[in-house]
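The points are grouped by topic.

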Amino acid sequence: MRTTLELTTRPPFDFAGTAYSHGWVVLAPNDWDEQRQVLRRVERLGTGKVVSLRVRGPGNARTAGIAVEVESPKRLAKKETEEIARKVGHMFRLDEDLSRFYRECRRRGGHWNRVTKGLGRLLRSPSVFEDVVKTIATTNVQWGGTKKMIAGLTAAYGEPMPGDGLRRAFPTPEAIASAKPKGFAASVRMGYRAPYVHALARQVASGALDLESLHDPERPTSELKKRLLSIKGIGNYAAATLLMLLGRYDDLPVDTVCRDFVTKKYFGGKPPADAEIQRVYEDWGHWKYLAYWFDVWAGIK
DNA sequence: GTCCAGGTCGCGC
DNA sequence: GCGCGACATGGA
């Protein structure tokens, strides 16, 4: 059974640039068809139904906006299609207004002008839980290892797409929590991170920890950061990454990559103190993280 | 075989 | 508060 949904975007919007903004598009259960410029993903809905999604950009389908092709074993209820639209919209941050960031980019000119053509919406997951797990899987490991860990986790604990046992949704906290810690660690090969992920899943599944409540515009970034840092496996770098995924760009992760880049570009190779690094992007105000991100990437691409 | 990865934890000072 | 070793795993 096939259904197509359409999501309206506010131009400028660069679909491929958004999908491939950082590595998330190739972490299971996402994958990216480069030739067709399509993001594929298996998603488990609140009703328990597992569906397969094919997401295309504006102008890459018969729709004016983002087209979401849904493959489902049975006809979808209205609330299910609404859930899909909400989740995909969340992944592509269709609710974020970047016009002030673009204005600042235009003011500076040069390579910053590239960003204003619809970049800046760094892809995220439908749930904070998925993003926290994925972020933990990026620490102290190379990118190939991250991909492998997340693929293994999804293969072991994700619900299969009916009729296609190979493709699975991202595991629910409940599925992970119900596994025995030892068996979990042995099957997912996440190394010393496995206990962190398992404990996190248990807390979320039991209701002791409400990660989704981190989407709270009323709370200051510093408070959200504190809550993130209290999660085992989340340190300074991971917290800053998660704040970015939550739409908070006013915290900069001063990690090895950041330090190397800034030292080279702004300090002539002489390593500055961390406070000096923060100061480089200080005048970007609430857009620090995005400024740093595109300072690194827009110069290359 | 050895090193180390977009780090983080828990300890000792 | 800050410095330091340990930490699972697999690719280079």
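**Contacts with DNA and the nonpolar core**

A phosphate oxygen of DNA strand B lies 3.2 Å from a polar backbone atom of Tyr 237. The model is predicted.

Surroundings of DNA strand B

- DNA strand B is surrounded by 21 residues, and the closest are Gly 233, Gly 235, Ala 238, Tyr 292 and Trp 293.
- Of the atoms of DNA strand B that come within 4 Å of the protein, 62% belong to sugar and phosphate.
- By class, 12 nonpolar, 7 polar and 2 charged residues form the surface near DNA strand B.
- At least two residues of this surface come from each of helix 11 (236-245), helix 12 (256-266) and helix 14 (288-297).

Polar contacts with DNA strand B

- A polar backbone atom of Asn 236 is 3.2 Å from a phosphate oxygen of DNA strand B.
- Asn 140 has a polar side-chain atom 3.3 Å from a base nitrogen of DNA strand B.

The largest nonpolar core

- In soluble globular proteins, nonpolar side chains tend to be buried together.
- The largest nonpolar core has 84 residues, of which Val 68, Ile 84 and Phe 92 touch the most other members.
- Helix 14 contributes 7 residues, the largest share of this core.
- Leaving aside residues up to four places away in sequence, Phe 92 touches several residues, among them Phe 13, Phe 15, Leu 39, Val 55, Ile 66 and Leu 123.
- Thr 18 and Arg 121 are also among the residues that Phe 92 touches.

Key. Residues are numbered from 1 along each chain as its sequence is written. Chains are lettered from A and ligands numbered from 1 in the order in which they are written. This is a predicted model: local features need pLDDT of at least 70, side-chain atom pairs count only at pLDDT 80 or more; totals for chains, interfaces and linings use all residues. Side-chain values use heavy atoms; hydrogens and water are left out. A residue is near a molecule or strand if one of its heavy atoms lies within 4 Å of it. A polar contact is a pair of N or O atoms within 3.5 Å; within protein, one must be able to donate a hydrogen and the other to accept it, and residues adjacent in sequence count only if both atoms are side-chain atoms. Helices (H or I, at least four residues) and strands (E, at least two) are DSSP runs, numbered from the N terminus. Ala, Val, Leu, Ile, Met, Phe, Trp, Tyr, Cys and Pro count as nonpolar, Asp, Glu, Lys and Arg as charged, and the others, Gly among them, as polar. A nonpolar core is a set of buried Ala, Val, Leu, Ile, Met, Phe, Trp, Tyr and Cys residues joined through side-chain atoms within 4.5 Å. Buried means under 20% relative accessible area, exposed over 50%, partly exposed in between (1.4 Å probe, protein chains only). Contact means heavy atoms within 4.5 Å.
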